[in-house]
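Welcome! Please take a moment with the sequence and the 3D view, and then we can walk through some parts together.

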Amino acid sequence: MLVPILDLPAAPVNDTAARVALAKLSLFATVLVRPAAAGNALPTDLDLTSAIVPVLVALTSDPDTWLTAATTYLDSGAAGVLLDPTPALTKSTAASLAATLKASGLPASRIHVQLSASGATLSNEKELLDCIAALNSAVNGGYWLSWPTLPVAPVGDIEESADKKAAFLRTVARDAVKNLAAATKRGDATRVLTIHAPAVPVTAALIGAADKAGINIACPATQIALSASTDPALLDVGAVATAPLATDRPDGLFPTVVVDARGHALGLAYSSTLSVGEAIRTGQGVYHSRTRGLWYKGLTSGATQALLRIDYDCDRDTLQFVVSQNGAGFCHNGTRSCFGAGAPSGTGIAALAETLEKRMVDAPAGSYTRRLFEDEKLLAAKVLEEAQELVDARTEAEVAGEAADLIYFALARARSMGVGLAEIEKVLDMRARKVSRRPGNAKPKYAAAVAEKEKETRSVEQATVAPVATPAAPVAAPAPAPVTAAPEDPTAGLKMRVVDLSSVSTTEYAALLQRPILDSGKIQAIVEPIVEAVRTQGDKALLDLTKKFDKANLASPVLLPPFAQHYAPSALSNKVRNAIDVAMANVEKFHRAQLEPEPLVVETMPGVICTRDWRAIDRVGLYVPGGTAVLPSSTLMLGVPARVAGCKTIVVATPPRADGSVAPEVLYVADKIGAAQVVLAGGAQAVAAMAFGTESVLKVDKICGPGNQFVTAAKMQVQNSTQAMVAIDMPAGPSEVLVIADGDSDPRFVAADLLSQAEHGPDSQVVLVAVGMSDPEVARVEAEVIKQALQLPRVEIVRKCLPKSVIVRASTMAEAVKFSNAYAPEHLILNLDDNVAKALVKDITSAGSVFVGAYSPESCGDYASGTNHTLPTYGYAAMYSGVNTHTFVKHITTQHLSKAGLDKLADAVITLAEVEGLDAHARAVAVRVGRFNP
Ligand SMILES: NC(=O)c1ccc[n+]([C@@H]2O[C@H](COP(=O)([O-])OP(=O)(O)OC[C@H]3O[C@@H](n4cnc5c(N)ncnc54)[C@H](O)[C@@H]3O)[C@@H](O)[C@H]2O)c1
Ligand SMILES: N[C@H](CO)Cc1c[nH]c[nH+]1
């Protein structure tokens, strides 16, 4: 087939000639649309459905630039992009281009790649075949062969040859091109080789012969006459459009199936080169009547057709005209279709849309449809009502019925605003062509409404279950089911309990120090079989558990570096990369400073020298939580100190998303810390896999990182296993914060800090110690908490956390500090005047990390200030430190005693050995200092 090359004028592209040319050429061809300058944006209203847009690929630079350009063109609806690499591809650059493409997630079916021929004889055939082989897995659109120096083929030879295919191959394509065309098709048949050889005059015969060899021919659109022309130098558009066709009919016509935009057959007609040319030139349904010759459909009846597209059939002897039929219809009997009257535009949604379009004009006054169109409020209420009913529907029949109702009112709403089904479908088609995806989260107010509704349903369900337990009532009509439940209090679950330290008993005080966690026995009972399954069954159990808990069906439980190959570069904006880089730099600075530069050397007695030095732990496993939030910050908080310490093997484990992928932000950090693998698993199974190792997962010596109760329990369990021989950092469970504030603290800051940890998970706990605050001051904080919580997308998690949280009223700062030390919070925020807060730090004896003053929000420590955010929870801050560089090292001591030194120490050692009755110990000294002669 012919592929026209259309050069757009310089921006702004408002050139009508270019638009008209694109519209006409798109009727029968895929068009290469070249912006005036490479990479230029194209007008958003340009219909690119049949267009391929070139994108320059600088192989030696950051792929981000060309990937962004390609994504933008594909998002604007372009059928494809033609990647034009510089320098010309080699086998190895083709392989890395394929890897980049695969990782990018761009659809292979819309990717075309430019190859370059080097000379008249295609001397680089082997190289081109290698490139095609390397690219085929990532390229399913097609290949272009640019062949500037191809010798001019004798036009006459081609046109006059009886065997056009043979002539074509002899003079233009040669055997090498046949090979390329075959390689292009390998695997599936969708790819086509397109040759652009400017030195070869393009003729209809050339296009036809090439098509038979499975090759497209490209030529500038300016060489095609798109309106009536007598210029012999121009190609007739009808001739080039029908060039690939062959007919065995004696009259030389091509049978033509006529269908509407939905593919419903309207009838059968015949075409000739002349009629096809006229159809393209006029954009109308024009055919060749076997009795009357050229036939402009509807010229006399008014039932004209707008031509939407011309398709070729598989063996190139039949055409399909896709049209939009006007007037009565295609059939001479006045029906839409020659195959029976049928429904106006088919059935279902299309028929409904057409009925509504008619009703908009002719619905009688007072009819329901007329009311709907005229009463905007009624229509709006019906759309909302039907949407809710669809959400509430449970059985298949209910869902089908409610969806039908919603579609009816949605189409009525669109029609009343002048929007028809065609426009809606156009939007849907454009969206289907977009390659960059939005997260698709619901707006907070709708998410909250659904959660509320769920609660409502639960309470209705409970209410209907309750009567079972009550004595049987006398026979009576069943009570009517509640139609609508009373609206619930939106502040439900957002109030914290308030207690006053001055009035609590010792038992109550002790209870306030407890965390809202499940009974550890219960958790261990859940975790134990999981750990055991992974220990004994390795990968198989790991994959099964990942399917069960994370809904991901994986072929392998690990990803290998470089991890950038597992996500599209465009998935990670420069803004996010920069933020991660800033955070990593600060965390590295703080953790590098923790390294002990020199071994500790102490001469305890003359001639007795003791030293202590450190070595990195060889293999470490970093658990990065991923159940309810993606935590690249935890990846860097663990990975940076591990790398700074010099750990040789770093394994990262994180729960995969249901589609088996891992957040690109986590993978970006994994690459930066030099991780050896990313284990696609979460919870107890991930911990067990790293502790024992599996066929795919590397065994580690120490497991670090935070997680939910299951993760923490599994860490505690494997550290006790002599088979695992693995250490852990500490119990870093559900996040918690304790804020000490007084009457001068800004309630907005206090509330924001409490919520920042409350949003982590339902088992988190937040505590406010309010020092000397009056009732109105406490009330202001409570009101702020509610106000800010209601604005959070994760408000439903907050609702589960706050009822387990508490406001503790203390009379004095000393009382507050005493309580905080006993609670030993993971995070302690001193939201107080700077000087007061700074002075208080020395009194803090137990806390994971302290945030000093009103302008030190905990979030800074969570992400980027430099301190670590993996910290002990549950009160373990009383005896554990948070993760730091030392977490990833172990210490080794040495000693050296000179003869004189041993002489001096001998007495003490021999005496103590004798006290313990360990004579051999005593003799090991005595034999050296001449007190024992065996
Ligand atoms: N202390 C710290 O330093 C720190 C830092 C960051 C995050 N956190 C905490 O980490 C936690 C992350 O929790 P998360 O759940 O979002 O992610 P997670 O990755 O810790 O846990 C998810 C995994 O839990 C397992 N799981 C879930 N329900 C289970 C069940 N019923 N039985 C067995 N296993 C089950 C699944 O395997 C799942 O993959 C939060 O509590 C957060 O507060 C703590
Ligand atoms: N607050 C958590 C530690 O308990 C760490 C974190 C990660 N992302 C946000 N916060």
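## Around ligand 2

Gln757 places a polar side-chain atom 2.9 Å from a nitrogen atom of ligand 2. The table sets this pair beside two others; polar contacts here are pairs of N or O atoms within 3.5 Å, where within protein one atom must be able to donate a hydrogen and the other to accept it, and residues adjacent in sequence count only if both atoms are side-chain atoms.

| Residue | Atom of ligand 2 | Distance |
|---|---|---|
| Gln757 | nitrogen | 2.9 Å |
| His760 | nitrogen | 3.0 Å |
| Glu826 | oxygen | 2.6 Å |

On its own, ligand 2 has 290 Å² of accessible area, and the protein covers 92% of it. Such areas come from the Shrake-Rupley method with a 1.4 Å probe, and for residues only the protein chains shown count as cover.

Before going on, please note that this is a predicted model, in which local features need pLDDT of at least 70, side-chain atom pairs count only at pLDDT 80 or more, and totals for chains, interfaces and linings use all residues. Residues are numbered from 1 along each chain as its sequence is written, chains are lettered from A and ligands numbered from 1 in the order in which they are written, and side-chain values use heavy atoms, with hydrogens and water left out.

Which residues surround ligand 2? They are Leu631, Ser633, Ser735, Gln757, His760, Glu826, His827, Glu858, Asp862, Tyr863 and His869, where near means having a heavy atom within 4 Å. By class, this shell has 2 nonpolar, 6 polar and 3 charged residues. Its largest share, 3 residues, comes from helix H29 (residues 858-863). Helices (H or I, at least four residues) and strands (E, at least two) are DSSP runs, numbered from the N terminus.

## A covered helix

Is helix H22 (residues 683-692) mostly covered or mostly open? Mostly covered: 10 of its 10 residues are buried, meaning under 20% relative accessible area, with exposed over 50% and partly exposed in between (1.4 Å probe, protein chains only). The buried residues include Gly683, Gln685, Met690 and Phe692. Among the elements covering them are helix H17 (520-537), strand E22 (649-654) and helix H23 (709-719). Just after H22, Gly693 takes a positive phi of about 80°.

Strand E11 (residues 254-260) has 5 of its 7 residues buried. E11 pairs with strand E12 (residues 265-271) in the antiparallel sense over 6 bridges; two strands pair if DSSP finds at least two bridges between them. Val259 has Ala265 of E12 as its bridge partner. In the hairpin of these strands, with 4 residues between them, Gly263 takes a positive phi near 85°. E11 also runs parallel to strand E16 (residues 319-325), joined by 5 bridges, and there Val257 has Gln320 as its bridge partner.

Ser271 lies in E12 and is buried, with a relative accessible area of 0%. The side chain of Ser271 makes a polar contact with that of Thr256 at 2.7 Å. Beyond four places away in sequence, Ser271 touches residues including Leu253, Tyr287 and Phe321, a contact being heavy atoms within 4.5 Å.

## The whole chain

Stepping back, the chain has 31 helices and 31 strands. Of its 934 residues, 46% are buried. The accessible surface comes to about 44,900 Å², with 58% belonging to carbon and sulfur atoms.

Terms used:
Ala, Val, Leu, Ile, Met, Phe, Trp, Tyr, Cys and Pro count as nonpolar, Asp, Glu, Lys and Arg as charged, and the others, Gly among them, as polar.
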